[in-house]
Amino acid sequence: MEKKKICPRFEKALKLLNHSWNTLLIYQLLVGPQRFSTIKNELNISSRVLAERLKELEVEQIVRRTVFPTTPVVIEYELTKKGHALAPVLKEIEQWSAMWVKMEE
């Protein structure tokens with residue numbers, strides 16, 4: 001059997017999405033812009049890890065951070081066009097999981 005060579009871009013994409021919390025964070029932001037505290041509470045994630053993942057996704061231009069100069073300062077996170085392009089992929093995984101993933105009762 002011939003061994004299939006994995007495309008380096010595909011491998012990088014999977015590593016990015018596989019990094020702890022990244023895919024759930026992107027999925028959470030599909031509903032629209034959210035503040036740090038909302039994301040933290042919805043995902044039940046530590047502040048440190050959330051800050052690291054948001055920064056990583058911001059560097060990859062998947063998430064955009066917007067600072068509103070109010071008192072107190074308000075910061076929102078939202079998906080970029082690149083981030084929203086993952087929506088069909090995540091929706092397919094959602095449908096697949098509904099059909100094939102069994103939860104322990």
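Colleague: Leaving aside its neighbours within four places in sequence, which residues is threonine 80 in contact with?

Modeller: Threonine 80 contacts Gln61, Ile62, Val63 and Arg64, where contact means heavy atoms within 4.5 Å. The model is a predicted one, in which local features need pLDDT of at least 70 and side-chain atom pairs count only at pLDDT 80 or more, while totals for chains, interfaces and linings use all residues. Residues are numbered from 1 along each chain as its sequence is written, and side-chain values use heavy atoms, with hydrogens and water left out.

Colleague: Why is threonine 80 called buried?

Modeller: The relative accessible area of threonine 80 is 10%. Buried means under 20%, exposed over 50%, and partly exposed in between (1.4 Å probe, protein chains only); threonine 80 is therefore buried. This residue lies in the loop between strand E3 (74-79) and helix H5 (81-84).

Colleague: Why is arginine 53 placed in the buried class?

Modeller: Arginine 53 has a relative accessible area of 11%, so the residue counts as buried. Its place is in helix H4. Apart from neighbours within four places in sequence, arginine 53 is in contact with His19, Ser20, Trp21, Asn22 and Leu25.

Colleague: Why does tryptophan 21 count as partly exposed?

Modeller: Tryptophan 21 has a relative accessibility of 27%, and therefore counts as partly exposed. Tryptophan 21 belongs to the loop between H1 and H2. Its phi is near 80°, a positive value in a residue other than glycine.

Colleague: What makes asparagine 44 exposed?

Modeller: Its relative accessibility is 68%, so asparagine 44 counts as exposed. Asparagine 44 is in the loop between H3 and H4 and, although not a glycine, has a positive phi of about 55°.

Colleague: What share of the protein do buried residues make up?

Modeller: Of the 105 residues in the protein, 26% are buried.

Colleague: How many helices and strands are there in the protein?

Modeller: The protein has six helices and three strands. Helices (H or I, at least four residues) and strands (E, at least two) are DSSP runs, numbered from the N terminus. Along the sequence they give the pattern α-α-β-α-α-β-β-α-α.

Colleague: How do you know that E2 and E3 pair?

Modeller: Two strands pair if DSSP finds at least two bridges between them. Strand E2 (residues 63-68) and E3 have six bridges, in the antiparallel sense, so the pair qualifies under that rule. In E3, valine 74 is the bridge partner of phenylalanine 68, and tyrosine 77 that of arginine 65. A hairpin of five residues joins E2 to E3. Proline 72 is in the loop between these strands, and a cis peptide bond, with omega about -5°, joins threonine 71 to proline 72.

Colleague: What makes E1 and E2 the edge strands?

Modeller: The three strands form an open sheet in the order E1-E3-E2, with antiparallel pairing. Strand E1 (34-35) and E2 each pair on one side only.

Colleague: Which residues touch the most other members of the largest nonpolar core?

Modeller: Leu25 and Val63 do, in a core of 19 residues. Helix H2 (22-29), helix H3 (36-43), helix H4 (47-59), E3 and helix H6 (87-100) each supply at least two residues of this core, and the largest share, four residues, comes from H4. A nonpolar core is a set of buried Ala, Val, Leu, Ile, Met, Phe, Trp, Tyr and Cys residues joined through side-chain atoms within 4.5 Å. Not counting residues up to four places away in sequence, leucine 25 touches Ile39, Leu43, Leu50, Arg53, Leu54 and Leu57.

Colleague: Which residues line the largest pocket?

Modeller: The lining consists of Arg9, Lys12, Ala13, Leu16, Leu17, Glu60, Ile62, Lys82 and Leu86. On a 1 Å grid over the protein atoms alone, a pocket is an open set of points where a 1.4 Å probe fits, with protein on both sides within 12 Å along at least five of seven lines; lining residues have an atom within 4 Å of a point. Helix H1 (residues 8-18) gives the largest share of this lining, five residues.

Colleague: How many nonpolar, polar and charged residues does the lining of the largest pocket have?

Modeller: There are five nonpolar, no polar and four charged residues. Ala, Val, Leu, Ile, Met, Phe, Trp, Tyr, Cys and Pro count as nonpolar, Asp, Glu, Lys and Arg as charged, and the others, Gly among them, as polar.
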